Amino acid sequence: MSDKRDLALSAIAPYQERPLGHFIAGRSVDVEGDSFDVLEPGTGQVLGQCGDASEKQLNEAVAAAKAAFPIWVSTPPEERKKILNRVADLITANAEKIAAVECLDAGQCWRFMSKAAIRGAENFRFFADRAPGAADGQALPSAEHLNYTTRRAIGPVGVITPWNTPFMLSTWKIAPALAAGCTVVHKPAEWSPYSARLLVEIAHEAGLPVGVFNSVNGLGETTGKRLTEHPDIKAVAFVGESSTGSAIMRQGAATLKRVHFELGGKNPVIVFDDADLDTALDAAIFMIYSLNGQRCTSSSRLIVQASIYDEFVARAVERVKKLKIGDPFDYNTEVGPLIHPRHFSKVCSYMDIARADGARIAAGGAPVDDTQGFFFQPTLFADASPAMRIAQEEIFGPVLTAMAFNDEADAIAKANDVQYGLAGYVWTRDLSRALRVSDALEAGMVWVNSDNVRHLPTPFGGVKASGIGRDGGDWSFDFYMETKNVALARGTHKPQRLGV
Ligand code: NAD
């Protein structure tokens with residue numbers, strides 16, 4: 001599979017000679033000031049350097065987005081649709097290269113990334129096709145007025161994305177923003193910046209007007225912070241950790257920033273004893289160990305009915321021990337490396353926490369030997385209880401925490417006993433129980449007898465510390481657009497007469 005790695009290296013070759021800079025007002029802009037190393041998680045090697053945008057460069061990117069807004073928002077939606085569909089076509093044409101770059105700097109496995117790049121194209125196509133209807137509103141007649149609503153893009157927006165599936169997540173936010181008529185300043189994650197550069201170049205090759213989509217690289221606490229504080233940025237769409245969401249809310253308070261947050265999760269998968277246990281096991285293993293465990297909707301808490309707990313967990317342990325860890329470019333690899341030494345240390349630290357809390361490490365529990373990459377063994381903590389930190393905190397690695405429940409009420413109580421509320425998974429053949437448990441789960445999304453299968457018209461997002469707002473379908477446009485109500489008097493309405 002080294003041909004895929006070669007493909008990725010050739011895609012980032014220009015930025016091995018000089019640091020990766022920014023893309024502002026339709027052109028590549030070199031780094032001025034600080035830069036930082038970008039690492040290859042699979043080998044631990046330095047791939048190159050990436051610049052931290054200077055304040056001046058960030059201001060230039062925002063100014064470009066501001067200048068382009070009146071042009072883009074008044075571009076006929078059919079034209080926006082055409083351009084964004086061309087972006088989708090070009091993503092499809094470049095999917096192999098994009099996927100290879102994700103394997104290189106994010107350490108994600110080829111078997112998943114080849115599909116994720118195509119998903120990026122689908123995100124663009126989905127929102128492109130809806131651009132012509134984005135401004136549509138409602139007619140709300142009253143006795144004396146005809147009220148109608150319309151929507152208009154809010155203005156230049158900031159999009160800040162994480163490193164776990166960088167390309168797909170960026171398209172997920174940027175495509176609806178552009179389809180709505182917003183202009184964009186994107187700040188990709190510093191640990192995996194290369195695929196975002198491919199995206200902005202592709203978008204311009206597809207004919208996006210200058211300044212409509214700008215990309216600035218940099219650290220969260222400098223470039224990210226400045227973007228969220230900038231008065232000309234009207235809204236911030238953010239995907240990342242809950243604590244960063246809080247910081248962004250504070251940073252945006254002075255300029256009353258509209259925010260959309262897709263944050264962390266500690267998602268329960270509840271398995272009742274009447275479930276299709278074979279499929280439940282497949283789904284639970286897939287949802288936590290795919291994407292190297294770095295998935296916001298991962299089923300990181302396995303909550304199993306006591307009557308089948310021992311056997312189900314024993315079967316899970318058997319499967320975990322057989323997971324294929326290795327080179328992310330190898331199609332057979334199921335679990336690749338963690339993104340960065342800092343994240344690797346965080347995941348490692350939970351082994352001592354689990355031991356101190358009294359959980360049993362039934363599989364894994366240690367780094368992989370004889371590698372320079374950031375590989376951690378797929379791990380399963382058994383016999384946990386809800387109060388343990390391993391049952392409360394988002395570890396964001398290939399680490400599953402299992403516990404038993406006694407009855408339906410106990411399952412719901414345990415599932416809800418965390419600060420997060422992104423996704424929940426319920427496995428049972430009892431339809432009424434599935435409905436009751438789905439209603440009771442504190443989560444933005446529930447899958448019954450299924451792993452996470454995304455359907456773009458449906459709302460995606462979390463409750464509690466997992467987020468604010470929903471993406472998908474029309475929900476995305478609601479965030480990127482302002483609704484206006486117009487009331488037309490029918491001529492029968494007489495205002496009160498004062499001072500007569
Ligand atoms: P992170 O919060 O550390 O960083 C995300 C982005 O925010 C990066 O681009 C970073 O540079 C930037 N950032 C950091 N501090 C900032 C600040 N003060 N102001 C502005 N920007 C700042 O998250 P991460 O470690 O990159 O990603 C992992 C997290 O993302 C996990 O918690 C995961 O659950 C979450 N996530 C959520 C979803 C979802 O849909 N809910 C999807 C994917 C990932």
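**View 1. Pro 141 stands opposite Leu 146 in strand 6.** This is a predicted model, where local features need pLDDT of at least 70 and side-chain atom pairs count only at pLDDT 80 or more, while totals for chains, interfaces and linings use all residues. Residues are numbered from 1 along each chain as its sequence is written, and side-chain values use heavy atoms, with hydrogens and water left out. Strand 5 and strand 6 (residues 145–153) run antiparallel and are joined by 3 bridges. Strands here are DSSP E runs of at least two residues, helices are H or I runs of at least four, and both are numbered from the N terminus. Two strands pair if DSSP finds at least two bridges between them.

**View 2. Here's the open sheet of 3 strands, in the order 5-6-22 with antiparallel pairing.** At the edges are strand 5 (139–141) and strand 22 (481–489), each pairing on one side only. On average, neighbouring strands of this sheet are turned by 25° against each other, direction ignored. Helix 17 (residues 473–480) lies across strand 6 and strand 22, running at about 85° to strand 22. Axes are lines fitted to C-alpha atoms (for helices, over the stretch in contact, meaning heavy atoms within 4.5 Å), and angles run from 0 to 180 degrees between N-to-C directions.

View 3. Rings of Phe, Tyr and Trp (its six-membered ring) pair if their centres lie within 6.5 Å; planes under 30 degrees apart count as stacked, over 60 as edge-to-face and the rest as tilted. Phe 238 sits in strand 10 (residues 235–239) and Phe 261 in strand 11 (residues 258–262), so the pair ties together parts 23 residues apart in sequence.

**View 4. An aromatic cluster, plus charges over rings.** Phe 126, Phe 127, Trp 172, Phe 460 and Phe 477 make up one aromatic cluster. The charged end of Arg 130 sits over the ring of Phe 126, 3.7 Å from its centre. For this, NZ of Lys or CZ of Arg must be within 6 Å of the ring centre and within 35 degrees of the ring normal. Arg 111 also lies over a ring face, that of Tyr 331, at 5.4 Å from the ring centre.
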